[in-house]
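Let's walk through this one together, with the viewer open beside the text.

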Amino acid sequence: MSKEDLDYSLYFDASKNAWVAAVSFGFDGAGRRVRRKVSAVLPRKWQDRPVDEQRTQAVKLLTPKVRKLREEAEKGIKTKANYRVSDAVDDFLAHGLKGRSLGTITHARSMAENQIKPKIGNYRLKDLRAEHVDLWLDELAETLATKTIIQIHNLLTRAIRMAEKRELVGRNVSALCETPHGQQGRPSTSLTLDQAVMLLRACEGEKFGAYVITALLTGIRPEEARKLLWTAVDLKGKPPSISVLRADRVGGDTKTKKSRRALALPALVVEELKRHRTRQNAQRLAAGEAWQEHGLVFTRDDGTMLDPMRVLRGLRVITKKAGIGNRWKVRELRHSFVSILSDGDVSVERIADLVGHSTPNTTQTVYRHQIRPVIVHGAETMDAVFGTDKPTG
């Protein structure tokens, strides 16, 4: 086969010790020629043969690769030879999470850097197979909780879906794979009354004491606490109250319309917030020009909004001091609020109003471990009086 018979350019690249086929795909929008290349290293036994024989062997190896390139081109697929899974994930993190909250973006980056890129990211995207994804997911299932595996798998699927829409890959093999069951995650729990008392005592003198006391005794969501403004706090009202109007979510609004609510403050919260405001004023003066005023109740040292991990670390310092361990989660302060109310015979309907749920059904579903069982005293009394036999006429 002569050079003229080929529908691609063929040459030897000494720097790579490989034969290269350069395929022309016309011109781009700027008038530049679009060329894509594939290469092949000849087996050692061919490398000492005459050039014409080497070239003939190179044609045999490269022609199927060129054919595949052209098939991809006909389908509109424009994957670069070295475009890898990690590149697709990076592109998704850069362009696929616009408008999402900082917490969502941070969580996605953490999953990508720790679970996707190190373990499956080096595959060229066009070479990734469903069996590769299955093996990776099975490996994750040996150590991670099911919920976490679902989130990680979903991130990979969405990243490849974006690449698919951009015609960088022919199909999304991640979407073909089932997410396996992982390890049993730790269910959310709540503080007992005794533990809550110990926690409140341990808050004294702690940097995050005011946050913990407010969250535990009002039941506001973590994202609501992080966005709480002093203008929404009325410590002199009758009764003193806070208005929950914002949250650290996309758009800055609360989770639902029912989540926008006014809550009366227990005396402990009122006194702690007064002390907290005094400390914050002193902190503002000490920070000087470094202070960024946002009107937030709970802030970092420079007045900016707290991030979830900083709050978690602060909480665990206090729980450890209280002698109740350091594995508690911030949202479990809210679970504890519900549990304490339920143990105090507050109705589920009233609890739903306090925590900002649209319906009591949501409260019963989300906090099923914290809500006390249905009160049975009335039925037990009637059974005692009338017995289990039907009355006769």
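Look at Trp230: the charged end of Arg277 sits over its ring, 5.1 Å from the centre. There is another arrangement of this kind at Trp46, where Arg49 lies over the face of the ring, at 4.5 Å from the ring centre. Keep in mind throughout that this is a predicted model. Its mean pLDDT is 83, and 85% of the residues reach 70 or more. The stretch to treat with care is residues 1–5, where pLDDT stays under 50 and the model has five contacts beyond four places in sequence.

Now for rings against rings. Searching the whole structure turns up two aromatic pairs. One of them joins Tyr211 and Phe298 edge-to-face, with 5.2 Å between the centres and 65 degrees between the planes. This pair ties together distant parts of the chain: Tyr211 belongs to helix H7, while Phe298 is in the loop between helix H9 (267–287) and helix H10 (308–322), 87 residues apart. Are the two partners buried or exposed? Tyr211 has a relative accessibility of 4%, so it counts as buried. Phe298 is at 3%, so it counts as buried too.

Stay with helix H7, residues 209–218, and you'll find Thr214 there. Thr214 has a relative accessible area of 1%, so it is buried. What is it in contact with, once neighbours within four places in sequence are left aside? The list for Thr214 is Gly219, Ile220, Val269, Leu273 and Phe298.

Several of its residues are buried, including Ile149, Ile152, His153, Leu156, Ile160 and Ala163. As for partners, the buried residues of H5 pack against helix H2 (85–95), helix H3 (102–120) and helix H4 (130–141). Just after H5, Glu167 takes a positive phi of about 60 degrees.

With a relative accessible area of 31%, Thr189 is partly exposed. Trp328 is 139 residues away from Thr189 in sequence, yet their C-alpha atoms are 8.5 Å apart in space. Another threonine in a loop is Thr359, between helix H12 (348–355) and helix H13 (360–366). Thr359 has a relative accessible area of 34%, so it is partly exposed. Its C-alpha is 9.5 Å from that of Val348, which is eleven residues away along the chain.

Last, the cysteines. A disulfide is a covalent bond between the sulfur atoms of two cysteines. How many disulfides does the structure hold? The count is zero. Cys177 is buried, with a relative accessible area of 8%. Cys203 counts as buried as well, at 2% relative accessibility.

Technical notes:
Residues numbered from 1 in each chain as written. Predicted model: local features only at pLDDT ≥ 70, side-chain atom pairs only at ≥ 80, totals over all residues. Heavy atoms only, no water. Buried < 20%, exposed > 50% of the residue type's maximum accessible area, 1.4 Å probe, protein only. Helix = DSSP H or I, 4+ residues; strand = E, 2+ residues; numbered from the N terminus. Contact = heavy atoms within 4.5 Å. pLDDT = per-residue confidence, 0-100. Disulfide = S-S within 2.5 Å. Phe/Tyr/Trp six-rings, centres within 6.5 Å; stacked < 30°, edge-to-face > 60°. Lys NZ or Arg CZ within 6 Å of the ring centre and 35° of its normal.
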